[in-house]
Amino acid sequence: MTRILAIESSCDETAVAITEDGKLLCNVVSSQVDVHAKYGGVMPEIASRLHAENIDVCLKEALETSSLKFEDMDAIAVTRGPGLIGCLHVGLQAAKTIAMLYNKPLIPVHHLAGHIYANEYAGEFKFPMLCVVVSGGNTELVIMRDHLNFEIIGETKDDAVGECYDKVARVLGFPYPGGLPIDRASKLGQHTYDLPMPLSHEDSYDFSYSGLKTSVINLANTLKMKGEELRPNDLAKSFQDVAIGMIVEKATKAARAYDVKQVILAGGVSANSYLRECMKNRLENTGIDLIIPPLWCTTDNAAMIAKVAERLYKEGVFADLSLGVDPNWKIDEYRKF
Ligand code: KG4
């Protein structure tokens with residue numbers, strides 16, 4: 001029997017989970033989103049401090065819920081990156097302290113590998129597989145030919161799609177985080193504004209979102225200067241069509257080119273209803289399976305970190321106590337730390 005205690009603190013969720021032979025015993029998530037909403041985005045310094053306040057409470061709750069002690073664990077897993085440096089440090093220091101005090105192996109886990117492996121709670125992986133990783137900090141297409149085998153075939157050249165959603169939401173006067181409000185508003189609007197789809201004619205699988213974001217800001221400013229009305233629902237719909245359209249086009253092309261058996265969606269933006277619907281329609285009758293993650297595992301949590309850690313544990317991928325965080329860790333270098 002293998003028990004893993006996993007810690008996640010890369011952004012604005014402090015989370016602890018415990019698994020036993022793959023079964024999730026507890027999944028504690030303390031979100032700071034209400035605090036950051038006041039500022040219209042995550043304030044890194046505040047986030048780090050709140051992690052430091054919350055981590056003990058989350059650990060205690062995880063142990064109580066599962067009726068276990070630190071002594072009962074086989075390994076301590078922690079998100080080492082990518083993420084906000086101060087936030088990552090809090091989780092890592094907690095993990096190292098437990099590993100040292102209870103003499104347990106320490107497993108460094110890549111945050112995006114976590115988002116990908118969250119899908120194992122929804123279905124079994126089939127390889128080769130295309131992972132559409134879309135979150136507040138990342139936008140990547142990753143090919144997996146086997147477990148723990150990641151090849152990045154495309155990524156954003158500038159902003160992440162979620163970050164773009166959050167900035168556009170601010171322009172539209174929607175609250176933070178902006179993904180869900182835009183998703184909802186777009187259902188009430190029409191595609192009436194013409195916005196550019198960057199890199200759409202390129203052969204590469206790379207993305208770009210800063211041009212789209214700037215176009216929305218310029219459009220809003222121009223309308224304001226002219227004294228014309230901005231229709232938020234129509235702009236939300238026009239924006240969502242382009243932002244998600246870019247992902248759907250590139251992901252469908254990559255799925256065919258790499259002859260994959262399965263496509264999975266991962267990360268916060270995988271909660272988007274239009275992305276889910278478009279990918280379902282595109283892959284229907286193609287023989288390619290689609291895993292759409294349940295909503296609870298689209299946001300940051302430690303259950304997904306534990307899933308990756310189970311596999312790393314079997315392969316003996318452990319770190320010593322000199323381990324540091326890496327805010328820019330690449331997924332294809334997840335064994336380098
Ligand atoms: O995965 P996540 O917590 O961020 C990182 O770990 O980087 O994802 C948060 C992002 C936010 O930018 C939020 O606006 C976006 O996911 N999001 C959505 C939706 N729900 C959340 N974006 C589009 N549509 C949604 N329904």
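Helices (H or I, at least four residues) and strands (E, at least two) are DSSP runs, numbered from the N terminus. The model is predicted: local features need pLDDT of at least 70 and side-chain atom pairs count only at pLDDT 80 or more, while totals for chains, interfaces and linings use all residues. Residues are numbered from 1 along each chain as its sequence is written, and side-chain values use heavy atoms, with hydrogens and water left out.

The peptide bond between Y176 and P177 is cis, with omega about -5°.

Next, select F127 and P128. A cis peptide bond links them, again with omega about -5°. P128 sits in the loop between helix 4 (111–117) and strand 6 (129–134).

Go on to D259, in the loop between helix 8 (232–257) and strand 9 (262–266). D259 is not a glycine, yet its phi is positive, about 50°.

Now show the ligand. Around the ligand are 19 residues (a heavy atom within 4 Å); G137, D166, G179, G268 and N272 are the closest. Polar contacts here are pairs of N or O atoms within 3.5 Å. A polar side-chain atom of D166 is 2.7 Å from a ligand oxygen. For H111 the distance from a polar side-chain atom to a ligand oxygen is 3.2 Å, and for D300 a side-chain N or O atom is 3.2 Å from a ligand oxygen.

Finish with helix 2 (residues 44–66) and helix 3 (residues 85–102). The contact residues comprise nine nonpolar, three polar and no charged.

Methods. Axes fitted to C-alpha atoms, helices over the stretch in contact; angles between N-to-C directions. Nonpolar A, V, L, I, M, F, W, Y, C, P; charged D, E, K, R; others polar. Polar contact = N/O pair within 3.5 Å; in protein donor to acceptor, adjacent residues only side chain to side chain.
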